[in-house]
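The tour goes stop by stop.

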Amino acid sequence: MELNDSNLQTLSGYLMQTLSPDAAVRRPAEKFLESIEGNKNYPLLLLHLVNKQDLDLSIRTSGAIVFKNFIKRNWEIVDDQNKIHEDDRASVKAFIVDLMLGSPLNIQKQLSDAISIIGKFDFPNKWTDLLSKLTTKCETGDFNIINGVMHTAHSLFKRYRYEFKSQELWMEIKMVLDGFAPTLTDLFNKTVGLTAAHKDNLVAMRTLYSSLTIMCKVFCSLNSQDLPEYFEDNIALWMGHFHTLLVVQEPSLETDGDEEVGIMQELKSQICDNIAMYARKYDEEFGAYLPGFVTDIWGLLISLGPQPKYDLLVSNALQFLASVADRPTYSKLFEDTNALTSICEKVVIPNMEFRTSDEELFEDNPEEYIRRDIEGSDVDTRRRAACDLVRALSHHFEAKMTEIFSAYVMAMLAKYEQNPATNWKCKDSAIYMVTSLAAKGQTQRSGITQINELVNLTDFASKYIIPEIDNADVNKIPVIKADCVKYLMVFRSQLPGQIMLGVVPRLINLLGSSSPVVHNYAAITTEKILLLRGQNNGPLVTSDMLAPVAGQLFKNLFALTSIAGAEENEYAMKALMRSISTLQGNVMPFLPEILTKLTERLRITARNPSKPHFNHYLFETLSLAIRIVCKSNPGAVPSFEDVLFPIFQEILQADVQEFVPYVFQLLSLLLELRPSGTIPDSYMALFPCLMMPVLYERPGNIGPLIRLLQAFVSRGAAQISLDQLPPLLGIFQKLIASKANDHEGFYLVQTIFEHFPQSALEKYIKQIFIILFQRLSSSKTTKFIKNLIVFLCLFSIKYGTAKTVELVDSLQHQMFGMVLERIIIPDLQKVSGTMERKIAASGVIALLCNCPPLIEGSYSQFWAPTLEALLKLFELPEDESLLPDDHYIDVEDTPGYQAAYSRLAFAGDRVQSNIADIDNPQLHLATCLYKLTAAHPGRFGPIISQGLQADAQMVLNRYLQSANLSLC
């Protein structure tokens with residue numbers, strides 16, 4: 001693509017179409033842009049278009065967004081595949097900084113994000129002049145440019161806050177500090193001074209305080225890993241200005257409404273973050289400044305009102321106090337009972353109160369209320385921060401805090417009892433206070449797992465929670481209903497099992513509440529109770545216990561998915577999934593109606609998927625229903641196919657990207673449930689389409705597609721034309737070249753070898769070995785080595801050890817000896833997965849006992865080390881050490897993990913190999929060694945005694961004794 005006006009005009013037209021609300025106009029334009037993004041000069045065309053001042057701002061902004069997303073998808077070089085021309089890379093880096101700094105704010109933000117993405121991969125080694133460019137721009141004195149620089153610096157450096165420590169990271173941070181810290185400090189110092197000089201210029205003040213805010217964010221990033229020497233030397237300057245900025249009042253910069261956060265609140269919030277970090281991490285250096293900041297924060301908290309615009313500031317200020325209170329060094333600041341009482345009365349309780357804004361959120365935006373309140377994302381809310389402060393203080397003064405809070409709780413509950421309709425907020429605060437005081441530790445699965453023993457949770461539940469749940473009016477004071485349900489959910493692992501069993505019918509009633517928060521909390525809590533374990537670690541709620549109320553439960557859950565505007569209710573669908581899982585066979589009477597509603601919901605949702613969690617639970621529920629029905633009636637598979645295939649066809653034809661991986665998984669499940677050799681024509685018609693290269697361009701498709709291909713091969717290899725083998729092996733070759741997906745290539749080729757006849761594969765086998773060993777020489781990662789060992793062992797079991805040695809040695813003289821010495825012996829213990837370890841063990845036993853070159857030929861020197869490696873595989877934990885090339889990829893605990901798609905748990909695992917169908921590999925080893933030594937009397941005794949370590953010999957003798965055998 002040439003950089004000319006004609007192409008810019010064409011690109012501008014397509015960008016305008018991407019803004020159309022009409023999908024018929026928008027999607028073709030998006031597809032066109034996607035189709036040309038591999039062309040040379042494409043990113044430069046976008047940047048030049050963004051730079052055209054005479055173009056409509058909306059089109060320029062759209063171009064900036066498209067450019068950022070293009071960079072996000074393509075800048076990283078994966079598996080040596082460079083999707084952007086090197087000239088374009090260089091030109092983009094040369095052009096983008098100046099363009100970003102001279103662009104309007106909304107474009108500047110997009111280009112700044114793009115710079116940070118490029119910087120993630122290229123900075124500092126491949127973008128050596130970026131830092132000097134940014135530093136030079138700070139000398140202009142133009143705060144519009146300076147703000148752009150600081151936003152870019154923030155985007156680049158914020159990863160320092162969470163990256164793992166490493167020598168490479170520290171070298172990068174040191175380089176950044178040497179080049180940027182003095183500039184940042186000098187600019188911060190001058191900007192604070194300028195705020196006094198421009199006190200009467202409102203526009204200038206907004207710009208200056210905005211700059212100070214982003215500078216404070218950069219300060220946080222540069223100080224997150226460790227306290228840099230430069231900032232330690234200048235700590236007095238920074239802390240002095242932080243103090244000044246915390247206490248300064250600028251009424252002219254206050255926003256008019258209650259919601260919009262002002263510049264000063266943003267700045268002070270960030271300063272609270274910074275000093276909290278210093279309090280947590282740099283005690284010694286920060287200690288002298290801490291008492292002053294405690295005084296500043298206390299005064300700040302008392303002065304702020306309940307308006308939502310102060311929420312972030314109050315939250316961060318409370319988090320600072322919590323950080324201080326949690327440190328033993330500073331706990332003496334709070335040990336006085338009067339101080340604790342004052343904190344509770346003036347800071348904690350006011351910030352736990354249910355405000356008018358909370359009530360509006362509860363009623364008008366229940367989805368956001370739930371997200372903040374129950375899903376753990378309310379980190380920045382006042383209530384969560386106040387709760388964290390209570391826990392920090394309780395850590396050192398548990399008895400005092402319990403005594404102080406108990407008095408307030410009882411007073412609030414008494415006030416509620418006087419007039420519940422009017423004083424319900426008192427009970428809301430009381431329940432929240434009890435929760436914050438009692439909870440000390442929790443997990444996602446079990447809720448609260450550690451509690452304050454001074455709080456009687458069961459007594460509180462019996463007196464104040466269960467009566468509210470028992471009330472037949474499901475719509476009475478919905479906030480209190482929601483609070484009580486949440487209490488049961490949070491403390492479900494701490495409350496007696498009988499209480500939790502007793503509330504299930506009541507929660508089913510609450511599913512009928514008109515309040516979205518109440519009925520969704522009831523669904524969430526029901527689902528979590530069904531996961532609880534009872535006696536002997538069995539389920540607390542059994543299938544037979546749930547069966548009598550199942551009809552009403554399903555009716556109420558489906559009713560939630562019929563509420564206008566809330567049809568895709570993920571909480572209801574998850575509860576439905578868990579209910580069916582609990583009921584198992586007892587769900588059969590309800591399944592016809594359930595499946596009718598699920599398939600109809602799937603058909604509607606496929607038109608416009610918008611809730612990823614709902615989608616996932618919908619497919620999980622379908623998978624579960626298929627499994628339960630086909631377990632009792634294997635002949636039911638065609639019935640499911642008749643219902644689901646038309647919907648699947650619509651999804652695949654419309655290319656609904658969110659659903660395609662799920663469809664492949666369900667197709668795999670249905671196919672795997674069929675007997676071998678009975679694949680219908682409807683599936684076989686789909687088979688050639690599954691090998692289209694374009695499908696494998698989306699990472700989310702790869703895992704499900706390979707599982708589906710495995711299902712085809714394992715269930716119908718005889719039905720697959722031999723002409724289809726080259727395309728199948730082409731997919732294998734493509735995947736083996738990928739560090740991220742090579743395990744999928746191994747899954748596919750192993751299934752092919754297991755199910756196709758040797759005669760069909762003979763002409764391809766050597767080329768397959770060449771591909772594998774070429775990859776081994778180019779990139780030796782732990783994941784690849786583990787899979788290669790399993791493959792070689794499976795091949796040895798299937799085709800014989802002599803064939804394996806012959807093939808490997810045909811690649812290079814004496815190559816098999818190198819494979820033993822450098823791969824199998826040192827890395828056998830790394831193999832993970834029950835089936836994989838069994839295949840590896842069986843294959844190595846075959847090598848030890850049935851491989852002439854290893855037994856008495858040119859590789860006999862490796863016999864004893866190979867046996868010892870096998871004994872280590874049996875006896876020692878999995879070796880989790882990594883190989884040098886592993887820094888290129890994330891080595892996952894389970895090779896089947898693929899971040900870009902969600903695996904369906906109830907669709908089960910891919911078809912397992914039964915090629916190593918041995919119940920006890922250790923007994924099998926003893927038996928095979930006995931037969932080997934019987935054929936070679938007296939030969940292997942000296943080899944074992946001289947070649948095995950003493951502990952390995954003891955292990956081997958134990959196996960032989962268990963088998964009542966002895967070596968000859």
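## Stop 1: the largest cavity

Select α19 (366-373), α21 (420-438) and α23 (478-490): each of these helices supplies at least two residues of the lining of the largest cavity. Keep in mind that this is a predicted model. What volume does the largest cavity have? It comes to about 90 Å³. Colour the lining by class, and the residues divide into five nonpolar, one polar and five charged. A search of the whole structure finds two cavities of 30 Å³ or more. Rolling a probe the size of a water molecule over the atoms shows where empty space is left.

## Stop 2: α24 and α26

Move on to helix α24 (residues 497-510) and helix α26 (residues 543-560). Their axes lie 9 Å apart, and the packing angle is about 25 degrees. Angles under 35 degrees count as roughly parallel, and α24 and α26 are therefore roughly parallel to each other. α24 passes α26 in a left-handed crossing. Which residues make the contact? On α24, pick L501, V504 and I508. On α26, pick M545, L546, V549, Q552, L553 and N556. Sorted by class, the contact of α24 with α26 has seven nonpolar residues, two polar and no charged.

## Stop 3

Next, select helix α30 (residues 637-654) and helix α31 (residues 660-672). The two axes come within 11 Å and cross at roughly 160 degrees. Are the helices roughly parallel or roughly antiparallel? The cut-off for roughly antiparallel is over 145 degrees, and α30 and α31 are therefore roughly antiparallel to each other. Their crossing is left-handed. For the α30 side of the contact, show V637, F640, E641, F645, F648, I651 and L652. For the α31 side, show V660, V663, F664, L666, L667 and L670. The residues of this contact divide into twelve nonpolar, no polar and one charged.

Stay here and click D655. D655 lies in the loop between α30 and α31. Check its backbone: D655 has a positive phi of about 55 degrees, although it is not a glycine.

## Stop 4: α36 and α37

Go to helix α36 (residues 758-778) and helix α37 (residues 782-799). Here the axes come within 13 Å and cross at roughly 155 degrees. That makes α36 roughly antiparallel to α37. The crossing of α36 and α37 is left-handed. Select the α36 side of the contact: Q758, L761, I765, I768, F769, L772, R775 and L776. By class, the contact of α36 with α37 holds 13 nonpolar residues, one polar and one charged.

## Stop 5: a cis peptide bond

Finish at P124. Where is P124 found? It is in the loop between α6 (105-122) and α7 (130-137). Zoom in on the bond that joins F123 and P124: this peptide bond is cis, with omega about 0 degrees.

Conventions. Residues numbered from 1 in each chain as written. Predicted model: local features only at pLDDT ≥ 70, side-chain atom pairs only at ≥ 80, totals over all residues. Heavy atoms only, no water. Axes fitted to C-alpha atoms, helices over the stretch in contact; angles between N-to-C directions. Helix = DSSP H or I, 4+ residues; strand = E, 2+ residues; numbered from the N terminus. Parallel < 35°, antiparallel > 145°, perpendicular 65-115°, else oblique. Left-handed = near helix turned anticlockwise from the far one by under 90°. Contact = heavy atoms within 4.5 Å. Nonpolar A, V, L, I, M, F, W, Y, C, P; charged D, E, K, R; others polar. 1 Å grid on protein atoms, 1.4 Å probe; cavity = no way out; pocket = protein on both sides within 12 Å on 5 of 7 lines; lining within 4 Å. Points joined across faces, edges and corners; volume = space filled by probe spheres on them.
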